[in-house]
Amino acid sequence: MKVLYVTTLALEYNSPATIRNIALINGFISLGCEVDTLSVEPDPRSSAFDASLALDGVRHDYRVPVSEPYRAFTSKSHSKAVSLTALKRHLVNALRRLYLRVETYDGLKVSVKNLHKVPIRYDHYDVVISSSDPRSSHLLAEEFMKLYPGCAERWIQYWGDPMYADITRQHLMPGVLKSEEARLLSSADRIVYVSPLTEEANRRLYPSNGDKMVSIPPAYIKENWSSSRNSNPIPVVGYFGSYRSDTRNILPLYNASVSGLFHLEVVGGGDIILGARPNVSISKRVSLSEARCKEAESDVLVCICNLKGTQIPSKVYYYASSDKPILVILDGESEAIRRYLEPYDRYVFCENTSESILKAITEISAGIKKAEFRPVKEFSSENVARKFLHLLE
């Protein structure tokens, strides 16, 4: 089986989408598939660049030159001559927010036009898989198939966040988003969503494409068993991820730490300031290898669900590679999310209130088990890759 895996986001950029992509690619390779990758070249100066991310076994790794405007927007380092003043930084951030409200795609869209510069050794693929986010990944796959007609038997679009129903973007022209999403979906042979709730919602939005839609959960890269239990005097509760207030609410978890009954470790970024406390550690995003070390030092791993919408945090699946307790703090479509995850018997659930969170952490610490703390085999890279291959039968 020959697979071309397409994503505009460089596979060296630390993001939930990248972890999902690397895990799935590893799964294909372990099943004996020949895998080529097509992505935009990385910028080592980017704040998202993570040298610890690695991918082995790919046959050809094709890279599209990144556009200079995008490189300038994402670079984390500047010479003194071009360093931004506070005013300029505010202006850049304002322009970025405006761009997201009027543009259908992400900033990597402009790099798609550079595909013709890539010296691709033409091959015939059994399947092209384009994986978003970013959603411009689907445009890159579409451009590839225009340049090389008949290059593949099937095109599978793999979607993390939807376009029209994405709660993280308040678009000024939602009708444009819906029209473009419908156009993209109609071009695919199969459409795969990471969340069954997103699949269900988009079946209603786009009934003419409903028969092509399925949901397959994200894979984790490998099982992660603890070599020994931590000897923390009080339980360490780890939250690793973003916490923008328009997407999810971290304050009940933070406020629950006032009790002093657990130590809270927060690693990530948000638009709110969490004040220092003796039993709370706050730090910015770290590399994947550093995050893994911090996860290993935690006694409980926390996932906070979105305020609304159908997306399920990716860490719900990635943490399922471990044997640590996973606390899923429900919000938004809470009942639907619980109904979907509960049968795996892997998660402890609570509501997004300080009282409910503290009660759940106390019960986990007391050994009152409400789940089996072991890796979920169904989310392994091989099993998830096998589900994709079954779509081609």
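**Exercise 1.** Which residues have the most contacts inside the largest nonpolar core, and how many residues does this core have?

*Solution.* The model is a predicted one, and its largest nonpolar core has 36 residues, with Leu-38, Leu-115 and Phe-144 having the most contacts inside it. Next, consider the elements that give two or more residues to this core: among them are strand E1 (2-7), strand E2 (34-40), helix H4 (136-147) and helix H5 (174-187). The largest share, four residues, comes from H4. Finally, take Leu-38 itself, which, leaving aside neighbours within four places in sequence, is in contact with residues including Leu-4, Tyr-62, Leu-115, Leu-140 and Phe-144. A second, separate core of 31 residues includes Ile-312, Tyr-318, Ala-336 and Phe-349.

**Exercise 2.** Determine which parts of the chain are linked by the salt bridge between Glu-223 and Lys-377, and classify the exposure of Glu-223 and of Lys-377.

*Solution.* The two side chains meet with an N to O distance of 2.6 Å. Glu-223 lies in the loop between strand E7 (213-215) and strand E8 (236-240), whereas Lys-377 lies in the loop between helix H11 (354-365) and helix H12 (381-390), so that the pair links distant parts of the chain, 154 residues apart. Because exposed means over 50% relative accessible area, Lys-377 at 52% counts as exposed, while Glu-223 at 31% is partly exposed.

**Exercise 3.** How far apart in helix H12 are Arg-386 and Glu-382?

*Solution.* These residues form a salt bridge, their closest N and O atoms being 3.8 Å apart. They are four residues apart in helix H12, and therefore separated by about one helical turn.

How values were computed. Residues are numbered from 1 along each chain as its sequence is written. This is a predicted model: local features need pLDDT of at least 70, side-chain atom pairs count only at pLDDT 80 or more; totals for chains, interfaces and linings use all residues. Side-chain values use heavy atoms; hydrogens and water are left out. A nonpolar core is a set of buried Ala, Val, Leu, Ile, Met, Phe, Trp, Tyr and Cys residues joined through side-chain atoms within 4.5 Å. Buried means under 20% relative accessible area, exposed over 50%, partly exposed in between (1.4 Å probe, protein chains only). Contact means heavy atoms within 4.5 Å. A salt bridge is a side-chain nitrogen of Lys or Arg within 4 Å of a carboxyl oxygen of Asp or Glu.
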